[in-house]
Amino acid sequence: MTVQNVATAPQAGVPKTSVWRRIWQQDGPGYLFLLPWFIGFFGLTLGPMISSLYLSFTHFDLLTAPRWAGVDNYVRMFTNDPKFAASMRVTMFFVIFSVPLKLAFALGVAMLLNRGMKGLPLYRALFYLPSLLGASVAIAILWRQIFAGDGLVNKFLSIFGIVGPSWISNPNYSLWTLIVLAIWQFGSPMIIFLAGLRQIPQDMYEAASLDGASKWRQFWKITLPLLTPVVFFNAIIQTIEAFKSFTPAFIISGGTGNPINSTLFYTLYLYQEAFGFFRMGYASALAWVLLALVAVFTAFSFLTSKYWVHYDD
Amino acid sequence: MATSIQLRQLKKAYGDVQVIHGVDLTIEPGDFTVFVGPSGCGKSTLLRMIAGLEPITGGDLLIDGQRMNEVPAARRGIAMVFQSYALYPHMSVYQNLAFGLETAKMPKAEIESRVQRAAEILKIEPLLKRKPKQLSGGQRQRVAIGRAIVREPKIFLFDEPLSNLDAELRVAMRVEIAKLHNDLGNTMIYVTHDQVEAMTMADKIVVLRAGVIEQAGAPLELYNTPRNLFVAGFIGSPKMNFLTANGEGDIVKTASASLPLGRSASGATTLGIRPEHITVTEGSGAKFADAKVDLVENLGGQTVLYATTTDGQALTVVLEGQRHVELGSSVALYADPQNAHIFNAEGVAIR
């Protein structure tokens, strides 16, 4: 021990290597390779986030310097902005209906595909396609055509003598066309459900069928509980996606959120405030409220998960 | 009342591939029958066909004289214990045991008393509130058996239930399952690839190979009078020694000795002698080979020799007690002709 201490003790007169130098010598090349990511993260994500947090406490029109406004923007939002309330209502409605319906539909299709049918990879790819295309401008334009007064849906209904409304210009239906569009993009949760279903051991079902459990009971008592980790994951991802949804509403309503604000998604309203009225400070505050909302929702989901999500290990 | 099972020309095919080739078997009420054989012999498939988990391609399955081919699994009066236990991970032990009874819409009080009774039999009462992941392998195994017991089935099926347990626990559970059979008296079918399990537990062993029954009978019947080389080699541990031989009259000639059998040996091409039936002591039986000792294992109660005959055939010898045998030494091997088995060129035993 003593010998070792003598050998490793810093000797007088020899300058100590600095901590930074040692880190550089040890991990320098690693950090070098990480540099592009660091630039992207700090320059394009964290930097803008911090500056938007600052801007949310200012009035800023892009042309003149930001003026400090304290919590004015936030106060206005909650006390004196009917459009904020309207956009929040629309977004909540969209989230509450589109997410469960989309998940249910995705699970249903995944269960159909999980029955070992032929050509599974082809179906899987076909069903996944809308998820890749769904948020695109082209699909939104197509959607507008399908649900227009003289669109495909009404042409189909006319076969049965039904005169359908113009779905997208009727405030009672316009949001529902967007919900249907969201459900149509069921591909990515479906793929995850399919992977989850594959994880459930076949002998669980065999044991249940020996116990006399019907397919229905097997679904409720075995499939669904064992799939809860995947349901949980999909629900969180899809809810965040739904809160962030922007393109379809923007295209279908021509950026207005009409008719009568019925498709005024929160993000669309934020966009209008930022790039229509150049109220960057207010738009930043809106963005932070959305972030807080999503964070609260996610935290709530995680807190309740221990009561309904069954992890195997 | 125990239940009989009959298989009549039972067949199973996946497309063009036939895996069970017309099996005939009768299982008496209350029998503990063990299906044994190497991997891929069709023993599990046969069990699953009886359970109703695998459709039957041909032939008849009769339970208590009634044809069951198309009857759904749940209505065959069968409970099965799976190799993986197949416990529902999100349910407590109690819920796992009660699941089948709840499915059958049994009154709550009856469910409770049945679960309690099964838990008592298997000594798992303190575990009822736990989830399967909180249990050891042996405890999970008990719960899996408990899930079968609560339903009070006519027939129990076990699909390699002990293969995931360590050696010590396997022996303990083996004893418990045998005890359970004695207590309940139900007809049980047990699948294993472990011939020791088969020998120790079975009333009747069914040896399968490539979807065909090679021999079915009481454990000692299979041990003493194996019908062919496969059964002779499969039953018994260490496995039977086989030496190339030549039967002339009532003598079997090996490379270095002649063994008078006292019965006709004509047509014999293989001599089979179990390791425990060989001695190295002159005067105890007749000499049948000379061999060089390659390896000696002293197990305390037994001494195991691994040797090679003069014509290069490997042999195992199990000697009682602790014996000192020099490595590399040559020994003469003796056996009682009564314990010698002979087989013809097709591998069929000559009696």
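Residues are numbered from 1 along each chain as its sequence is written, and chains are lettered from A, with ligands numbered from 1, in the order in which they are written. In this predicted model, local features need pLDDT of at least 70 and side-chain atom pairs count only at pLDDT 80 or more, while totals for chains, interfaces and linings use all residues; side-chain values use heavy atoms, without hydrogens and water.

Helices (H or I, at least four residues) and strands (E, at least two) are DSSP runs numbered from the N terminus, and two strands are taken to pair if DSSP finds at least two bridges between them. In chain B, four strands make up an open sheet in the order 2-1-4-5, with antiparallel pairing. Strand 2 (17-27) and strand 5 (66-67) of chain B each have a single partner strand and stand at the edges, so one side of each lacks a neighbour in the sheet. Helix 1 (residues 43-51) of chain B packs on this sheet and touches strand 1 (5-14), strand 2 and strand 4 of chain B, contact meaning heavy atoms within 4.5 Å. The direction of helix 1 makes about 115° with that of strand 1 of chain B; axes are lines fitted to C-alpha atoms, for helices over the stretch in contact, and angles run from 0 to 180 degrees between N-to-C directions.

Within the sheet, eight bridges link strand 1 of chain B to strand 2 of chain B in the antiparallel sense, and K12(B) has I20(B) as its bridge partner. These two strands form a hairpin with two residues between them, and G15(B) in the turn has a positive phi of about 65°. Strand 1 of chain B is also joined to strand 4 of chain B, antiparallel, by five bridges; here I5(B) is partnered by I63(B). Strand 4 (residues 58-63) of chain B pairs in turn with strand 5 of chain B over two bridges, where the partner of I63(B) is Q66(B).

Further along chain B, strand 17 (residues 286-298) runs antiparallel to strand 20 (residues 330-335), joined by six bridges, with A335(B) as the bridge partner of A286(B). Seven bridges join strand 17 of chain B to strand 18 (residues 302-309) of chain B, also antiparallel, and V296(B) is partnered by L305(B). The hairpin of strands 17 and 18 of chain B has three residues between the strands, and G300(B) takes a positive phi near 95°.

At the interface, 22 residues of chain B are in contact with 19 residues of chain A. The two chains bury about 1800 Å² between them, 62% of it on carbon and sulfur atoms; buried area is the accessible area (1.4 Å probe) that two parts lose on being put together, summed over both. In chain B, Y88(B), H90(B) and F99(B) lose the most area to chain A, together 29% of what that side buries.

Two salt bridges (a side-chain nitrogen of Lys or Arg within 4 Å of a carboxyl oxygen of Asp or Glu) cross the interface of chain B and chain A. D211(A) forms a salt bridge with R151(B), the closest N and O atoms being 3.5 Å apart. Helix 1, strand 6 (78-81) and helix 2 (93-103) of chain B each supply at least two residues of the side that touches chain A. The largest share, four residues, comes from helix 2 of chain B.
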